[in-house]
Structures are given as structure tokens and as C-alpha cells.
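Q: Some labels on a model rest on cut-offs. Let us set the values against them.

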Amino acid sequence: MLKAIVKFFKALNKNSHPGEIAHAVCCGMILGFLPKDNALWYILAVLFIFLRMQKSAFLIFTLIFTLASPFFDSLFDTVGYFVLKTDFLQPLFVFLIKIPLVGYTRFYNSIVMGSLLCSLLLYIPLYFISKAIIQLWRNKMVPLVRKTRLVKIISKLPLVSKIKEVM
């Protein structure tokens, strides 16, 4: 995990395009919000591994959003229940459930449906917010952080030698 954090800070500070990191944050949000006990999670995880994005940021933000998802379960349940009980979508859901193996995605679960829809709706705003924060970090915060006394003390520790070259 320390290696992923070091790679994330390297990418955050210099060698990755801000869009790659922002996509990693958004894809991490999708996987983090989805319940882990269905085929949809595994299908999306394999798909996201093959996308061009910063993998360590993807791993870190998947973990962060996984830890945050229980706080939003009631929202996901409400949204999912509303969508699943919508009358004009019922023929679509009946058609999907009759397709072999589609039932393993558990799209009919209100929390799965709600978390998927909420994360897809939040994808674009989170992308632009993440990209703006990354650019703010690179342009304004890194010079200030480098000058702090704490960073100078920590950079002398042998355990943090890898982080020293990043900052």
C-alpha cells in the first residue's frame, strides 16, 4: 500500500496528466460505491483496469469511497427503489432479468441500482472538481508544502526517502 501511495504522489506532482488522475478518482468512486457482492462490480473492475488512468490513484480512491459508501446507503436505497418502481422501466427490467447471467449483476437490488446511478450522475462533476484540485495542488500547494518545517524534518527520515524525491 505504501508503494501505491508513493506512486500516487509522484503522479500527483509531476508525471501524469491531470485528466488521468481525475478519471481514476471517478472510476474509484463508481467501484467504491457499488456493493462488492455482485458480478457488476467485478465486470467494472476488470474494465477499469484496462482503461488508461493512474492505477494507484484508482486503488486509493476505490478504498476511500468504499469506506464512505455506508454513509450513503440510505440515499442509494431511495434512488434505486424509485428507479426500480418506475412504471415505464418495468418492461426493460423484465427483459434484462430474462437474459442469462444478467441476474448475477443484481441490478434489481435497490442499493446496487441507486449506487450505480448516483455514481454515474456524479462522474462528470467529480471529474472537473478533481482536475481543478489537482491543478491547484500542483500550482499553488506544492511550493508551499515544500517550504514547511515538517516536510523538511520528514524528508530526512530514511523510511521516507522515496517520498523525498517526489516533493
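This is a predicted model: local features need pLDDT of at least 70, side-chain atom pairs count only at pLDDT 80 or more; totals for chains, interfaces and linings use all residues.

Q: What does the distance from the sulfur of cysteine 26 say about a bond?
A: The closest cysteine sulfur belongs to cysteine 27, at 6.9 Å, so a bond is ruled out here too. By this rule the count is zero disulfides.

Q: Why is cysteine 26 called buried?
A: Buried means under 20% relative accessible area. Cysteine 26 has 0%, so the label buried applies.

Q: What makes cysteine 27 buried?
A: The relative accessible area of cysteine 27 is 2%. The cut-off is under 20%, so cysteine 27 is buried.

Q: Where do these two cysteines sit in the contact of α2 with α7?
A: Helix α2 covers residues 18-33 and helix α7 residues 110-147. Their axes are 8 Å apart, at an angle of about 145°. The crossing of α2 and α7 is right-handed. Cys26 and Cys27 are among the α2 residues that make the contact. On the α7 side, the contact residues include Ser119, Leu122 and Tyr123. By class, the contact of α2 with α7 has 15 nonpolar, six polar and two charged residues.

Q: Why is serine 119 called buried?
A: Serine 119 has a relative accessible area of 0%. Buried means under 20%, so serine 119 qualifies. Serine 119 lies in helix α7.

Q: Which residues is serine 119 in contact with, leaving aside its neighbours within four places in sequence?
A: They are Met29, Ile30 and Phe33. Contact means heavy atoms within 4.5 Å.

Q: How do you know that α4 has a span close to the expected one?
A: Helix α4 (residues 55-68) has 14 residues. From its first C-alpha to its last it reaches 20 Å. At 1.5 Å a residue, 20 Å is expected, and the span of α4 is close to that.

Q: Which residues of α4 are buried?
A: They are Ser56, Ala57, Phe58, Ile60, Phe61, Thr62 and Phe65.

Q: What elements does the protein chain have?
A: The protein chain has nine helices and zero strands. Of its 167 residues, 39% are buried.

Note on methods. Residues are numbered from 1 along each chain as its sequence is written. Side-chain values use heavy atoms; hydrogens and water are left out. Axes are lines fitted to C-alpha atoms, for helices over the stretch in contact, and angles run from 0 to 180 degrees between N-to-C directions. Helices (H or I, at least four residues) and strands (E, at least two) are DSSP runs, numbered from the N terminus. A crossing is left-handed if the near helix is turned anticlockwise from the far one by less than a right angle, and right-handed if clockwise. Ala, Val, Leu, Ile, Met, Phe, Trp, Tyr, Cys and Pro count as nonpolar, Asp, Glu, Lys and Arg as charged, and the others, Gly among them, as polar. The expected span of a helix is 1.5 Å times one less than its number of residues. Buried means under 20% relative accessible area, exposed over 50%, partly exposed in between (1.4 Å probe, protein chains only). A disulfide is a pair of cysteine sulfur atoms within 2.5 Å.
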